[in-house]
Amino acid sequence: VRRAWTSDWFRVHGFAFCLRTNHRESRRSLARLYEEFRVAEASVGAVQAVLESDGGEGFHWKLEDKTGAEAALPGALWGLEAALCEAAIVFQKRLIALHAAAASQDRRTALLVGRSGAGKSTLSLALARRGLSVATDDVTLIEPDTLRLLPIPRCFHLDPDSVALLEADGLRFPGEWKRSRFLVPRDFGGAAPAGRAEVVVFITGPREERPGIAPVSQAEMAARLLSETGQSSAANRETVSALSRLAAGASCYTLAPGPLTETADAVARLIRGG
Amino acid sequence: LPDSRTETTVSGKDAFVRVPLVEEHSLPDQSLLLFEQGTGTAFPLNESGARVWAMCDGAHTVDEIVDQLAARYDASRSQIEEDTHAFVSALAGHGLLVRQSPT
């Protein structure tokens, strides 16, 4: 039996879209991810994000000119979510997109900066297990005038090794993980951070025997942040100025990750100011 | 600093001057971010690098810069001299400094 189509409207840092789906679990999953961005009415210029269940045969998703077909739900959810995140970044005209997780505790916020595969997702969840609020594990937008942090929440992409490490670290995966492999910051109490970044950690690889945290100059961090905006080859003055001011207001470190438990303990202490 | 595009030989008697169109962002920890607008490239300098940059005003020779650094930092003069020459050479190689013509 085909279910009725539903429409939900969201506006993620200005990027407006309508989620159309005939699959209840998909609606529930994506609404969990974007709940704080829900708007009541249709927005002018909103794009349609469609996720369709074929009634047991598979799933199709579509966002503007991007499409995907998957036999199972997790692939379809991940595909549409990745397309939505990319569209929200491309939509921005002034906000600076950083490849960074945002974690906070007691109004003290840290950006964990690093490329794909640097370990941001695994570390973010290990920090959530330690009681920190993780608003995103991947992309944070920066408002250049106020330096306000505007995270784009994403679903956690975890490979089996990361899952094993997190379980060994004591993380209990919610039921959604078994059902849809779609876990979002909200599942761990993640909420948007208040204020500016007070700590900036740049994750370097590869994993070492022991975690290494070393202070770096604020100028060095500003240059490293610039390299994570995708604008390093031809940065503009406003971006350089904003990232310099962001680094100027923060304690800056590099992190060579070690074993997960030791690394997460050390980073949690850093964020708490210990 | 990243590898420079060209090799610049530096002598102690040389004086260098900062080129226009390099934006400077001073940070509270005394480090300095240089932004070269022509290529859109950023160069981070640590505290001692920022001091060298500030003294590249055409009025100080490289030897005088080394003297001032040697009076400030706990390192051998020969080491400071070697580092300063390499650093000035790299900045000049990136087009951020130009040699001051003798007057």
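The structure holds 29 salt bridges over all chains. It is a predicted model. Side chains of opposite charge can pair when their charged atoms come close. One such pair is formed by D8(A) and R38(A), whose side chains meet at 2.8 Å, N to O. This pair links distant parts of the chain. D8(A) lies in strand 1 (residues 6–12) of chain A, and R38(A) lies in strand 3 (residues 38–39) of chain A. The two residues are 30 residues apart. Their surroundings can be stated for each partner. D8(A) counts as buried, at 5% relative accessibility. R38(A) is partly exposed, with a relative accessible area of 35%.

The side chains of K13(B) and D63(B) meet in one of them, at 3.4 Å from N to O. K13(B) lies in the segment before strand 1 of chain B, and D63(B) in helix 2 (residues 62–72) of chain B, so the pair ties together parts that are 50 residues apart in sequence. K13(B) counts as exposed, with a relative accessibility of 67%. Another salt bridge joins R51(B) and E47(B), at 3.2 Å from N to O. Both residues belong to helix 1 (residues 47–55) of chain B. They are separated by about one helical turn because they are four residues apart in that helix. An α-helix has 3.6 residues a turn, so residues three or four places apart point the same way. R51(B) counts as partly exposed, at 27% relative accessibility. E47(B) also counts as partly exposed, at 29%. In chain A, salt bridges that share partners join D8(A), R27(A), E35(A) and R38(A) into one network.

The two chains meet at an interface. Here 15 residues of chain B are in contact with 18 residues of chain A. The size of an interface is often given as the accessible area lost when the parts come together. Between chain B and chain A, the buried area is about 1,200 Å². Carbon and sulfur atoms give 65% of this area. On the chain B side, L27(B), L33(B) and F35(B) lose the most area to chain A. Together they account for 32% of what that side buries. The count of salt bridges between chain B and chain A is one. E23(B) forms a salt bridge with R237(A), and their closest N and O atoms are 2.4 Å apart.

Aromatic rings also pair. The count comes to seven aromatic pairs over all chains. F156(A) and F188(A) form an edge-to-face pair, with 5.9 Å centre to centre and 85° between the planes. F156(A) lies in the loop between strand 11 (149–152) and helix 4 (160–168) of chain A. F188(A) lies in the loop between helix 5 (175–180) and strand 12 (197–203) of chain A. The pair thus links distant parts of the chain, 32 residues apart. F156(A) is buried, with a relative accessible area of 1%. F188(A) is buried too, with a relative accessible area of 19%. Elsewhere in chain A, ring pairs link F10(A), F15(A), F17(A), Y34(A) and F91(A) into a cluster. The ring of F91(A) also has the charged end of K93(A) over it, 5.8 Å from the ring centre. R224(A) lies over the face of F202(A), at 4.9 Å from the ring centre.

Two helices of chain A were examined. Helix 8 (residues 260–272) has 13 residues. From its first C-alpha to its last it reaches 18 Å, close to the 18 Å expected at 1.5 Å a residue. Buried residues of helix 8 include L260(A), T263(A), A264(A) and V267(A). G273(A) follows helix 8 and has a positive phi, near 85°. Helix 1 (residues 24–34) contains S26(A). S26(A) is buried, with a relative accessible area of 0%. Beyond residues up to four places away in sequence, S26(A) touches T21(A), L51(A), L73(A) and L77(A).

Most residues other than glycine have a negative phi, and most peptide bonds are trans. E64(A) has a positive phi, near 50°. E64(A) is found in the loop between strand 5 (59–63) and strand 6 (66–70) of chain A. At 46% relative accessibility, E64(A) counts as partly exposed. Q30(B), which is not a glycine, has a positive phi of about 75°. Q30(B) lies in the loop between strand 2 (22–26) and strand 3 (32–36) of chain B.

How values were computed
Residues numbered from 1 in each chain as written. Chains lettered and ligands numbered in written order. Predicted model: local features only at pLDDT ≥ 70, side-chain atom pairs only at ≥ 80, totals over all residues. Heavy atoms only, no water. Phe/Tyr/Trp six-rings, centres within 6.5 Å; stacked < 30°, edge-to-face > 60°. Buried < 20%, exposed > 50% of the residue type's maximum accessible area, 1.4 Å probe, protein only. Lys NZ or Arg CZ within 6 Å of the ring centre and 35° of its normal. Expected span 1.5 Å × (residues − 1). Contact = heavy atoms within 4.5 Å. Buried area = accessible area lost by both parts, 1.4 Å probe. Salt bridge = Lys/Arg side-chain N within 4 Å of Asp/Glu carboxyl O.
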